[in-house]
Amino acid sequence: QVQLVESGGGLVQAGGSLRLSCAASGRTFSSNHMGWFRQAPGKEREFLASISRSGSNTYTYYGDSVKGRFTISRDNAKNTVYLQMNSLKREDTAVYYCAAAQGAFTRATMTTTNWYDYWGQGTQVTVSS
C-alpha cells in the first residue's frame, strides 16, 4: 500500500511559478513510477508528467499542454516527487493529483490514468489573470 499526500498548491498570477510536492509513504518509493495529473471542473483527468522508478536509466514523459513549462523530478531520500510549474496560464487552474504505479512500463502506460494504482487527494492550483 502506498499513501500519497500532495502539497504546494495555491493562488498564483499568470506567468508565475509553483512547485508541487507529493510525499509517499512506504519503504519502496524508489521502485514506484510516479505521475502527475490534473482535473478541471467538468473535464476529464489529464496526464501532465511521469517519471519512471529509479534505475540505471530514468525516463520522464510530459503531456503536450505542459511540455517545456513543467518539470517532474524525484528525491528518493525524501520519498517525494515534485512538479515544477513555470509560465502558468489561467487554463492551468485545476486540482492536481499525484499517482504511483509499479511493474513493467511503457510510454503508453506511464501516460495513462487507469494504469496507476495509488492516488493522492489532490491540491488546488488557481491561476489568476
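**Figure 1. The pairing of M34 with A100.** A100, a residue of β9, is the bridge partner of M34. The model shown here and in the other figures is predicted. The two strands in this view, β4 and β9, are joined in the antiparallel sense over seven bridges. β4 comprises residues 33-39, and β9 comprises residues 94-101.

**Figure 2. Strand β9 and its surroundings.** How many of the eight residues of β9 are buried? Seven are, so the strand is largely enclosed by the rest of the structure. Besides its pairing with β4, β9 pairs with strand β11, residues 123-128, in the antiparallel sense over three bridges. In that pairing, A94 stands opposite V125 in β11. Strand β10, residues 118-119, also runs antiparallel to β9 and is joined to it by two bridges. Here A99 stands opposite W119 of β10.

**Figure 3. The hairpin of β4 and β5.** β4 and β5 form a hairpin in which six residues lie between the strands. Within the turn, G42 has a positive phi of about 80°. The two strands run antiparallel and are joined by five bridges. Strand β5 covers residues 46-51 and is mostly covered, with five of its six residues buried.

**Figure 4. From β5 to β6.** β5 is also joined to β6 by three bridges, and these two strands run antiparallel. The bridge partner of A49 in β6 is Y62. β6 itself comprises residues 60-62.

**Figure 5. A network of salt bridges.** Which residues are linked in a network of salt bridges? They are R38, E46, R69 and D92. The structure as a whole holds four salt bridges. E46 and R38 form one of them, with their closest N and O atoms 2.8 Å apart. A residue counts as buried when its relative accessible area is under 20%. R38 has a relative accessible area of 7% and is therefore buried. E46, at 28%, is partly exposed.

**Figure 6. D92 and its two arginine partners.** The side chain of D92 meets that of R38 in a salt bridge, with a distance of 2.8 Å from N to O. This pair links distant parts of the chain, as R38 lies in strand β4 and D92 in the loop between β8 and β9, 54 residues apart. Is D92 buried or exposed? D92 has a relative accessibility of 0% and therefore counts as buried. D92 also forms a salt bridge with R69, and the closest N and O atoms of this pair are 2.8 Å apart. R69 lies in the loop between β6 and β7, whereas D92 lies in the loop between β8 and β9, so this pair ties together parts that are 23 residues apart in sequence. R69 is buried, as is D92.

**Figure 7. The open sheet of four strands.** In this sheet the strands follow the order β1-β3-β8-β7, and their pairing is antiparallel. Why is one side of β1 and of β7 left without a neighbour in the sheet? β1 (4-7) and β7 (70-75) stand at the edges and have a single partner strand each, so one side of each has no neighbour there. On average, neighbouring strands of the sheet are turned by 15° against each other, direction ignored. β7 pairs with strand β8, residues 80-85, over six bridges in the antiparallel sense. In this pairing, D75 stands opposite T80 of β8.

**Figure 8. The whole chain, for orientation.** The secondary structure comes to one helix and 11 strands. Read along the sequence, these elements follow the pattern β-β-β-β-β-β-β-β-β-α-β-β. The C-alpha trace spans about 40 × 25 × 25 Å along its principal axes. A compact globule of 129 residues would have a radius of gyration near 14 Å, and the chain agrees with this at 14 Å. Of the 129 residues, 42% count as buried. Among contacts between residues at least 6 apart in sequence, 59% join residues at least 24 apart. The accessible surface comes to about 6,700 Å², and 45% of it belongs to carbon and sulfur atoms.

Methods. Residues numbered from 1 in each chain as written. Predicted model: local features only at pLDDT ≥ 70, side-chain atom pairs only at ≥ 80, totals over all residues. Heavy atoms only, no water. Pairing = 2+ DSSP bridges. Axes fitted to C-alpha atoms, helices over the stretch in contact; angles between N-to-C directions. Buried < 20%, exposed > 50% of the residue type's maximum accessible area, 1.4 Å probe, protein only. Rg over C-alpha atoms; globule rule 2.2 N^0.38 Å. Contact = heavy atoms within 4.5 Å. Areas by Shrake-Rupley, 256 points an atom, 1.4 Å probe, with all protein chains shown as cover.
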